[in-house]
Amino acid sequence: MKEQVVLRVITKLLVPCMLILGGYVITHGELGPGGGFQGGVILAAGFILYGIVFGKRDLHRVLPRRATDAGAALGVMIYAGTGLWCVLRGGRFLDYAVLPAVDTGAAEALGMTLVEYGVGLTVCTVMITIYDMISEEADA
Amino acid sequence: MFNTLLVDISLLTLVVVVAIAVVEVRNLLSAIMLSGIYSLLMALIWQNMNAVDVAFTEAAVGAGISTVLLLGTLLHTERLTKIGSRVNWGALLVVVVTGSFLIYGTLDMPDLGDPSAPIHNGRVVQQLGQRVGKIDHEGVHMPWQFNSMTEESVPHPDEEHPWAEYFAEEYGTQLPAHEPAAERVHGHPLDDFMGHSPNTVTSLLAAYRGYDTMYETAVIFTAGMSLVLLLRRRSEVRA
């Protein structure tokens with residue numbers, strides 16, 4: 001679909017907005033509606049739109065398969081690592097109140113934010129991987 | 001009130017129409033587009049019920065990603081459904097029985113917005129009341145609601161307080177009975193973490209149910225990796 005001017009221009013306008021919205025939703029999950037899952041899906045939708053319009057070769061140049069694989073694993077590691085950090089600081093697993101912050105409320109918010117980053121990263125990369133795999137044979 | 005009802009009725013009517021159309025239409029591409037429209041209408045209905053997080057998820061996943069994935073699946077199959085598929089009576093029986101059980105189950109549910117419903121008479125009140133950082137009707141702050149859970153912050157059952165009775169029933173006059181050690185050590189804040197996490201849904205998912213969400217993330221990771229292991233290797237071998 002690369003040769004269609006309207007699609008190309010609209011996609012180029014839309015993708016940055018989608019990526020910023022996705023990042024905003026992930027990072028503000030504890031303040032407003034949304035969270036890691038929704039934000040991750042919006043981020044992934046941005047990349048998938050890019051992949052649909054410009055082809056998967058361009059998508060892989062921007063975001064290699066190695067990066068999405070590593071991102072999926074890294075997200076889970078961020079989540080579990082936050083839990084482990086709590087253990088190392090003398091609390092229980094995923095007991096955010098012991099994290100370093102001005103008070104326990106802020107510590108809980110910090111833990112939740114980190115955990116949401118992990119969820120967002122995993123969801124985003126796995127969604128891109130699923131799209132990548134499902135549309136595999138159509139390109140070949 | 002009447003306006004909300006009007007919007008709800010028209011949206012629900014559209015949802016039913018679209019749902020029937022999804023089943024009836026022969027062209028699979030049209031069916032996928034209609035199911036995307038269905039998700040978008042459902043997102044509007046959730047929004048109308050003030051369930052913003054659910055609406056968000058429905059719009060992003062249901063209308064966005066699912067449509068793309070279904071279109072990707074369509075590339076591997078035919079464009080039209082087979083004609084002349086007759087009614088499968090066994091399947092119809094199962095669906096009707098399951099459906100009637102589900103409808104029978106809803107008879108026990110309280111009416112929408114019923115103030116005496118169990119969900120409006122418990123701990124959830126404080127979470128969903130959205131009273132964070134606000135003042136109550138008498139113009140005073142409710143300190144124990146967003147301060148640390150310490151002994152003096154729990155209202156005494158003799159006190160005149162809207163939730164004093166509930167608190168005495170749940171916690172006694174002392175600290176919360178559940179996980180007493182942890183409460184004493186960290187002084188866990190109540191429910192919205194001193195206003196640091198006003199979104200109840202996120203604090204439930206990420207803090208109260210942190211383990212569940214971690215394993216859900218692990219499930220998503222496993223799904224992605226299984227797909228990579230199954231499909232990527234096959235395509236590389238073929239190439």
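In the predicted model, helices α2(B) and α3(B) run roughly antiparallel to each other, since their axes cross at roughly 175° and angles over 145 degrees are classed in this way. The two helices span residues 28-48 and residues 52-74 of chain B, respectively, and their axes come within 7 Å. On the side of α2(B), the contact involves B:L28, B:L29, B:I32, B:G36, B:S39, B:L40, B:M42, B:A43, B:W46 and B:Q47, while α3(B) contributes a set of residues that includes B:V52, B:V54, B:A55, B:E58, B:A59, B:G62 and B:A63, together with B:S66, B:T67, B:L70, B:L71 and B:L74. By residue class, this contact of α2(B) with α3(B) comprises 15 nonpolar, 6 polar and 1 charged.

The loop between α2 and α3 of chain B holds B:N50, a residue that is not a glycine and yet has a positive phi of about 65°. B:N50 has 8 other C-beta atoms within 10 Å and is therefore exposed, the limit for this class being 12 or fewer. A positive phi, of about 60°, is also found in chain A at A:L94, again not a glycine, which is placed in the loop between α4 and α5 of that chain. A:L94, however, counts as buried, because 22 C-beta neighbours lie inside 10 Å and the class requires 20 or more.

Between the chains, the contact draws 50 residues from chain A and 46 residues from chain B. On the side of chain A that touches chain B, two or more residues are given by each of α2 (36-54), α4 (65-88), α5 (104-134) and α6 (136-139) of chain A, and the largest share, 19 residues, comes from α5(A). The residues on this side of chain A divide into 30 nonpolar, 13 polar and 7 charged.

Helix α5(A) also packs across the chain boundary against helix α9 of chain B (residues 200-208), with axes that come within 9 Å and cross at roughly 85°. The two helices, α5(A) and α9(B), are therefore roughly perpendicular, as the crossing angle falls in the range of 65 to 115 degrees. In this arrangement A:E108, A:M112, A:V115 and A:E116 of α5(A) meet B:T202, B:S203, B:A206 and B:A207 of α9(B), and the residues of the contact are divided into 4 nonpolar, 2 polar and 2 charged.

Terms used. Residues numbered from 1 in each chain as written. Chains lettered and ligands numbered in written order. Predicted model: local features only at pLDDT ≥ 70, side-chain atom pairs only at ≥ 80, totals over all residues. Axes fitted to C-alpha atoms, helices over the stretch in contact; angles between N-to-C directions. Helix = DSSP H or I, 4+ residues; strand = E, 2+ residues; numbered from the N terminus. Parallel < 35°, antiparallel > 145°, perpendicular 65-115°, else oblique. Contact = placed C-beta atoms within 7 Å. Nonpolar A, V, L, I, M, F, W, Y, C, P; charged D, E, K, R; others polar.
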